[in-house]
Amino acid sequence: EQIQRKVVLQSQPFPYRCKQATKAVINSITGNFIVCRELQGKYFLEEVDPIQGNVVLSTCISTAELQRKASSLGLQAEIIHEITAVKAIASGAHRSMDGRTRVKVSAIIDLMTLTSSNASATTTIVAVWQ
């Protein structure tokens, strides 16, 4: 199951007031950098044009979106409280069924989950965006 939420941003200088959470990877189709950044507890996957220094695409890694997908992650009895870390990201190109070349980005994410008895635990997942 894919978690997909994309927002195209106005051109912004790179870097701006976000903390870089992971090392950058390369979009093999465009040559742009893909990086995960953290700002005030929210994590964003961003594609950055290295020539212009602008963010060309940004995807918020939203806990609300993850909560909606929790049943497919096998976390039905748990509530996702927050993302505690994005450990790594990777990207790769693939050919879709319609013959177009597309980029997929995956992230290894640590989630703090709460059970019905209010016990907390850290769960590590792999999320994929295309």
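# Strand pairing and salt bridges in a predicted model

Strand 3, covering residues 33–39, pairs with strand 4 in the antiparallel sense over 7 bridges. The model described here is predicted. Within this pairing, Cys36 stands opposite Leu45 of strand 4. The hairpin formed by strand 3 and strand 4 has 2 residues between the strands, and Gln40 takes a positive phi near 50° there.

Strand 4 also pairs with strand 5 (residues 54–61), again in the antiparallel sense and over 7 bridges. Here Tyr43 has Ile61 in strand 5 as its bridge partner. In the hairpin of strand 4 and strand 5, 4 residues lie between the strands, and Gly53 takes a positive phi near 75°. How many of the 8 residues of strand 4 are buried? Of the residues in strand 4 (residues 42–49), 7 of the 8 are buried, so the strand is largely enclosed by the rest of the structure.

A further part of the model is an open sheet of 3 strands, which has the order 6-7-8 and antiparallel pairing. Strand 6 (79–95) and strand 8 (120–129) stand at the edges with a single partner strand each, so one side of each has no neighbour in the sheet. On average, neighbouring strands of this sheet are turned by 15° against each other, direction ignored.

Side chains of opposite charge can pair when their charged atoms come close.

| Residue | Partner | N to O distance |
|---|---|---|
| Glu46 | Arg37 | 2.9 Å |
| Asp110 | Lys87 | 3.4 Å |
| Arg100 | Asp98 | 3.7 Å |

The salt bridge of Glu46 with Arg37 can be described by the accessibility of its two residues. Glu46 counts as buried because its relative accessibility is 2%, under the 20% limit. Arg37 likewise counts as buried, at 2% relative accessibility.

The side chains of Asp110 and Lys87 meet in another salt bridge. Asp110 lies in strand 7 and Lys87 in strand 6, so the pair ties together parts that are 23 residues apart in sequence. Asp110 counts as buried at 9% relative accessibility, whereas Lys87 is exposed, with a relative accessible area of 52%.

Note on methods. Residues are numbered from 1 along each chain as its sequence is written. This is a predicted model: local features need pLDDT of at least 70, side-chain atom pairs count only at pLDDT 80 or more; totals for chains, interfaces and linings use all residues. Side-chain values use heavy atoms; hydrogens and water are left out. Buried means under 20% relative accessible area, exposed over 50%, partly exposed in between (1.4 Å probe, protein chains only). Two strands pair if DSSP finds at least two bridges between them. Axes are lines fitted to C-alpha atoms, for helices over the stretch in contact, and angles run from 0 to 180 degrees between N-to-C directions. A salt bridge is a side-chain nitrogen of Lys or Arg within 4 Å of a carboxyl oxygen of Asp or Glu.
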